[in-house]
Amino acid sequence: MRRTPHVLAAVVAAAAAGCIEADPGPTPPEPMCHADSDCDAPAGEICDDGICWGNPPDGVTFAAVLNPPEGRPDLAPSEVPAVVFEDDGTALGLVFAETVTLSGRVVLAGDPDRSVAAQIRVERPSRIPGGPAYLRTAVAAPGRVAGELAFALRVPRLSPNDPPYVVDVVPDDGSLAEPGPDGPPATVAPPLRFRIDGTRDLAGVDIAVGDPSALKGAAGRVVDAAGRGVPGLRVVARGRWSEDAPLERVSSVATTDTDGAFVLWIPIGMADWNYELVVQPPAGAVAPTLRVRGVRIPDPVDGAFAELPPLSMPSFPSGARYAIDVIGRRPEGGVTPVEGALVEATAILVDPVVPVGETGEVDAVYTARGVTDAAGRVELDLIPGGTANRVYLLSIQPLPTSEFAAAHDVSVAVGPPGATGANVLPAVELARRVAVSGVVVAADGTPAAGTTITARATAAFKWSLEPALQAKLDDFRYPAATADESGRFVLWVDAEVFGAAPVYDLDLVPGAGARAPRWTVRGIDLAAAAPGAGLDLGDVALPPASFARGAVLTGDGEAIAGAEVQLYEIAADDAACDSAFAPVDATGACHAPAALRSVSQTDDAGTAVFVLPRPR
């Protein structure tokens, strides 16, 4: 049976741009068809509202994430692991999942009268291979009495065989609410992690944090080079919830007293007893952060309390203001300032510090950050050397549109400051990026003006890096450009990232009014670029489009207006998983990232429109 909801051609055009707007635009596109005979009827296409619907791509698996509109707290973001498209373009299976509720209060153990503020995170692996992890967050409000709710979250109901939800409850450290007379709850209660099977509601529960029977205590003291206590420092312990988990804060938050003393509380039963202690100065202070790795804090026997050896903060000179000029060289000669670059300067203070236990894995690190002005200058408060220069390593990230490349681990020697004014350090000259250019054309060969092109390192390159560098790459300022009226674009991309030669994928998002799908051009290798000449890709063709539509429903069949639908294409090739540091899930499987192919919003009838790529 033909499904012909009233969907305007202009709505399809807006969907191609990634979202559906209420305003169809000044000039609706010309109709594609007037009758089924104008379409590829043998392939199943039908004509409706001037659009040829159907003929979806063969051999491609699509999945979706459904996000409910504002005002529908009864719904939860839901994954659809497989979206089926019929020959006429009808999308099936876009149904919000049945939900369960997690609600209640966060209270301090032994003090249930009033709730405390906390961050709630509910997470589990994605049901979409290569898709984003399922994550929901909420802030639990303070001051709620018994019977009142401080937070409420709905999440999809799980079957008994599904991986459970992991719930992290992080008591407020003062960033969520005004602290009470006893200070923020994080001073006595560390983060709490537990799992829920997601098969039933957990409504109106009190989550108690800071239960002494579930915690181990560790006391210590921070002293200066003369052995005097250092007050006002923030002390936390970082650990791992599981053997393959990243380091994160797992302790309460302590502030050293007038004698430099502190007490930390840590959950019992963690995967590892080796922790990293982090001692930070107050905000705005020009002072280093002390990091002590490999601190062993075993689970207690008969309530024993761990006594830590003193942590020694090295002596260092007073901070001073230094200026650094960031420049680039023009092709025709001469230099030009690099404006808007993020500059991070990091130094490890080499003064001796007292080791902890038998590890001796101690350092004191100082980091300053700033952004270059129109003259390419950034001014930073740095801790200079004393009688000798102190070496800082600079990380510089220019704007994504800059012709100049990012730089990492650039050494700069910082000596004692002068008597007055800013101390100007040697300028840092950035290498030039490689110009990657081309002309984006639609499937019919016409220029695809307004297409946004973004270059991103391939998953294989990212996963070839060690995890610490992968995390830095996540913050990389990737270049982007918009194709002009002729479809031409120029991207300035880095030929070297962290000392390695990256390979890029180009993500293409057509502009408003285009009847073209999102697409990815994979494997742009800069090794093919002529020295100094850049890399001209010639015509970069978007594939033909297949138009589809489907109703977004609740389990009861109610059509949902204003819902957002993110449509993903599941990667057919997992070759990136051969990389040295490719991630694996709980089952040991690795999946290449799924590609986002459409972001649309349902109309008043609850219908979402998709523009699918159909490669030749």
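**Close-up views of a predicted model**

β19 (289–296), β24 (342–349), β25 (362–371), β27 (390–397), β28 (407–414) and α3 (467–474) each give at least two residues to the lining of the second largest pocket. The model is predicted, so to speak of local features pLDDT of at least 70 is needed, side-chain atom pairs count only at pLDDT 80 or more, and totals for chains, interfaces and linings use all residues. Residues are numbered from 1 along each chain as its sequence is written, and side-chain values use heavy atoms, with hydrogens and water left out.

**View 1. The second largest pocket and its lining.** The helices (H or I, at least four residues) and strands (E, at least two) are DSSP runs, numbered from the N terminus. A pocket is an open set of points on a 1 Å grid over the protein atoms alone, where a 1.4 Å probe fits, with protein on both sides within 12 Å along at least five of seven lines; lining residues have an atom within 4 Å of a point. The volume here is about 1100 Å³, taken as the space filled by probe spheres set on the points. The lining has 35 residues, and Glu344, Thr346, Thr367, Arg369 and Lys472 lie nearest the centre. By class, 17 are nonpolar, 10 polar and 8 charged. Asp, Glu, Lys and Arg count as charged; Ala, Val, Leu, Ile, Met, Phe, Trp, Tyr, Cys and Pro as nonpolar; the others, Gly among them, as polar.

**View 2. An open sheet of 4 strands.** The order is β8-β7-β10-β11, with antiparallel pairing. Two strands pair if DSSP finds at least two bridges between them. β8 (134–140) and β11 (192–196) are the edge strands, each with a single partner, so one side of each has no neighbour in the sheet. β10 (residues 165–171) is joined to β11 by 5 bridges. Val167 has Phe194 in β11 as its bridge partner.

**View 3. An open sheet of 5 strands.** Here the order is β5-β4-β3-β39-β40, again antiparallel. Between β3 (residues 62–67) and β39 (residues 564–569) there are 6 bridges. Val65 is partnered by Gln566 in β39.

**View 4. An aromatic cluster of Phe62, Phe85 and Phe610.** Rings of Phe, Tyr and Trp (its six-membered ring) pair if their centres lie within 6.5 Å; planes under 30 degrees apart count as stacked, over 60 as edge-to-face and the rest as tilted. The count comes to 5 aromatic pairs. Phe62 and Phe85 pair edge-to-face, 5.6 Å centre to centre with 85 degrees between the planes. Phe62 is in β3 and Phe85 in β4 (residues 78–85), 23 residues apart.
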